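Let's take a friendly walk through this structure, from the contact between the chains to a few backbone details. Please keep the view open as you read.

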Protein chains: 2
Amino acid sequence: MASKLTSRDDDYSKWYNELVVQADLAQHSDVKGCMVIKPYGFAIWERMKDVLDGMFKDTGHVNAYFPLFIPKSYLSKEAAHVEGFAKECAVVTHYRLKNDPNGEGVVVDPDARLEEELIVRPTSETIIWNTYKNWIQSYRDLPLLVNQWANVVRWEMRTRLFLRTAEFLWQEGHTAHATKDEAVEEAKKMLEVYADFAENHMAMPVVKGVKTESERFAGAEDTYCIEALMQDGKALQAGTSHFLGQNFAKAFDVTFADKEGGKSHVWATSWGVSTRLMGALIMTHSDDQGLVLPPKLAPIEVVIVPIYKGQDQMDEIVAKCQEVADELKTAGIRVKLDDDDTKRSGWKFAEYELKGVPLRIAMGPRDLAKGTCELARRDTKTKDFVSLDGLAAHVRTQLDDIQATLTASVHERIKTHTHVVDTWEGFLEALDKGGFVSAHWDGTAETEERIKQETKATIRCIPYEGDTTPGTCIKTGAPSARRVLFAKAY
Amino acid sequence: MASKLTSRDDDYSKWYNELVVQADLAQHSDVKGCMVIKPYGFAIWERMKDVLDGMFKDTGHVNAYFPLFIPKSYLSKEAAHVEGFAKECAVVTHYRLKNDPNGEGVVVDPDARLEEELIVRPTSETIIWNTYKNWIQSYRDLPLLVNQWANVVRWEMRTRLFLRTAEFLWQEGHTAHATKDEAVEEAKKMLEVYADFAENHMAMPVVKGVKTESERFAGAEDTYCIEALMQDGKALQAGTSHFLGQNFAKAFDVTFADKEGGKSHVWATSWGVSTRLMGALIMTHSDDQGLVLPPKLAPIEVVIVPIYKGQDQMDEIVAKCQEVADELKTAGIRVKLDDDDTKRSGWKFAEYELKGVPLRIAMGPRDLAKGTCELARRDTKTKDFVSLDGLAAHVRTQLDDIQATLTASVHERIKTHTHVVDTWEGFLEALDKGGFVSAHWDGTAETEERIKQETKATIRCIPYEGDTTPGTCIKTGAPSARRVLFAKAY
């Protein structure tokens, strides 16, 4: 078992790093910036992936797979895109190793230099639109609704497990449409899918909105986003969906014959979420004892720990625990019976607390006699003795309640940590308190940048919901069309 | 729709290439050796992946994720491994691009050279065993049963879609055990899982066996394999499972404290199958009209095509087809109703034939009146008129029969195309006929190599089943311990 975690109050960042490692979610690898996702962490990601994949398919999307490598010249084809992505990339220059003539392992074969360097994909718009050119001829080929689950690489100097790593796992949707309206509708629809997933599976309600021009994806005409609020008052961008206009269609010359026989460029979207969601999930719900998982994404919803002394008691109690486990499993609940005899029950309690298992059932000789068990909730740390009769139904109700309680508490967090301010002093005070700050801004990139430089706060989004009354900018006093949401962010 | 395929008799290789592209399975990308897996092809791979993943989990394995990049020096740590894998690799030497000072796009930033080059993983033993060092301390940490779904890169000069590509998708299991026996048992168990999957899902019975020393995985003490037989008489290695001994544990210094307090090196296995299975699937069952898919892996098991003239007929028939589709869907059958009004039914018939959909239902005005439909089988090309009453049960029976028929025909193919020979002349004649050749071999790598040079035939495996009587080598006349299986192979 792990040692005690640093408390969130003492050092939130340290708490996070320790939690990720001690709860067996991920660890740094020897390769700078690349993480190893450990089995327990990966099981959570798999659940996220399965749910999201189902949601994408329910909205008409299909999966495909495009190459890991992008020819260097492709990145330059879309002017804004190259500015954003042709920077910190992993560059493949050679395709062969050979034995070191000095006998020291292997060296790069200088004769095997690529004519054109290949970039490990930081995102796949360019390679995909280069392919779409051949897939799209007529309006009959549209819409094209494709998603890809893949690894991508963006060389990062300062990395944090899940939140910012050189290699990460994600999905990237890339769709093609006959009209602008349809593409905008798609980009917005996928943002709703993300928000639905965040609220109803991650128990993490989010703010939906549009990015300012400076915060847009490189190559997008509009970037829609969901912004989550962490326990330390910092925002985290949890997913983005981009309306790409005709930028990539023009860069890669993708046109289609419309119903009237004319020829037009195709309209595009792209949208993605990544293993960063794991970081968001962890920071949203967990506490000083470890991870807290919403039941819907927990690989184990219920753990059963038998309590006994001696072999005879053990046999009897483990047999009863197995019965209970089977009953819960039959009811569709993900259950684990931990009957490992080499570990004490106290160790197990702490371990499953650390790993965020939503419910713990403990059963000892007295319970056996009375036909009860002890049921402990990870989120509220409350315990109850409950009857084994109708246990599955009771467990299901408790799991639903945990999911709802976690969701409600994040709703409340956003509500109490969204500060509406009208002055620069008020703005600075609100930032100190943490959370979202709803304030007027004059709409210029210059003011946005000045505020960022002075306070580290950025405009997270122009929210869908909220006050749209005009006012005056907190920084410059110039006219403002409406309030926007500021925050310090991950 | 696609143009007519080259026939298998005219040019098997050309037939394969055309089929893969025309059935929308995959295509070459602009990046040399890397393929694009198209949505229809990817849907088949997804089904394979889901089934296999379930089988791995049922045998106690968990998934994790390890870095894409491997430090160059890691490859040299296991002596045999470096010989096998430190050759045709994608090498990352730089981590940044910058704007070309001459204004021509972007160039590699010479200041951003990595201290140690990174290799895009050709397989992950080295990075994983370097990680296991910290995961394994005691016998309590064993066995460690981990699998990873990932992309890997082996630079290939001559590529063929699915069969041999620079980047491919696969799974790689990497397990660690306390004893030699347990590791050997694991390697053999996973071979059984592969063979089970091949026979019972791909409808592709295989020969199970052990590789000769020359054909072993680089770093393995034994390589178990499943060998499939394609329609053109060539063998295809469809999956391998390796007993790695203590080679990687020693190379990366992975030891554990055993129950008696001693310290030993860990025993290892690794095992994998890849998108190459797609190539095997295609070449095993398909015909001159296109793909033939076993129902268990078909993304669409049944397609329904309405036949009508004019809007009134269309509305009525499409409504009925929708009813039928709903009924089949409720019965758990993967069904597609193609009511696209812009395409003729003849076009649709050919299209779904090309795409290998196992069953086709066509329904016209007469069927509507009589309460029947036309049911056509893709594998036998037989058609029947069947009642709509109890259709779902009938369809299920037909699908099961198609799966069984395809499996039986491959069993038969292996049986009739395994030639037992005792002379060199007989060997050459048998190779000309195609298929497996069961023959005596003197057990030396020299003879194996000579035979390969002269005939292009390799020893596919020393089969689990078959004649183990000693004899004399077909090439040298030297004593042979038992017969082995030769074939020309993909």
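## Ground rules

Helices (H or I, at least four residues) and strands (E, at least two) are DSSP runs, numbered from the N terminus. This is a predicted model, in which local features need pLDDT of at least 70 and side-chain atom pairs count only at pLDDT 80 or more, while totals for chains, interfaces and linings use all residues. Residues are numbered from 1 along each chain as its sequence is written, and chains are lettered from A and ligands numbered from 1 in the order in which they are written.

## Where the chains meet

Chain A brings 53 residues to the contact and chain B brings 52 residues; here two residues are in contact if their C-beta atoms, placed from the backbone, lie within 7 Å. On the side of chain A that touches chain B, 32 residues are nonpolar, eleven polar and ten charged. In this count Ala, Val, Leu, Ile, Met, Phe, Trp, Tyr, Cys and Pro are nonpolar, Asp, Glu, Lys and Arg are charged, and the others, Gly among them, are polar.

Strand S5 (residues 91-94) of chain A pairs with strand S5 (residues 91-94) of chain B in the antiparallel sense, over three bridges; strands pair if DSSP finds at least two bridges between them. In this pairing A:Val91 stands opposite B:His94. Within chain B, three bridges also join S5(B) to S8(B), again antiparallel, and B:Val91 faces B:Ile119 there.

Chain B holds an open sheet of eleven strands with mixed pairing, in the order S3-S9-S10-S16-S13-S12-S11-S24-S27-S23-S22. Strand S3 (62-63) and strand S22 (418-420) of chain B stand at the edges with a single partner strand each, so one side of each has no neighbour in the sheet. Further in the description of chain B, strand S12 (residues 222-229) and strand S13 (residues 235-245) run antiparallel and are joined by eight bridges, with B:Thr223 opposite B:His242.

## Buried parts

Eight of the eleven residues of helix H5 (residues 125-135) of chain A are buried, so this helix is largely enclosed by the rest of the structure. Among them are A:Ile127, A:Ile128 and A:Trp129. A residue is buried if 20 or more other C-beta atoms lie within 10 Å of its own, exposed if 12 or fewer, and partly exposed in between, with C-beta atoms placed from the backbone.

## Backbone details

Most residues other than glycine have a negative phi, and most peptide bonds are trans. A cis peptide bond joins A:Leu142 and A:Pro143, with omega about -10°, and A:Pro143 lies in the loop between H5 and strand S9 (144-153) of chain A. In chain B, the bond from B:Leu142 to B:Pro143 is cis too, with omega near -5°.

A:Lys456, not a glycine, has a positive phi of about 70°. This lysine sits in the loop between helix H14 (445-455) and strand S24 (458-463) of chain A. A:Lys456 counts as exposed, because 12 C-beta neighbours lie inside 10 Å.
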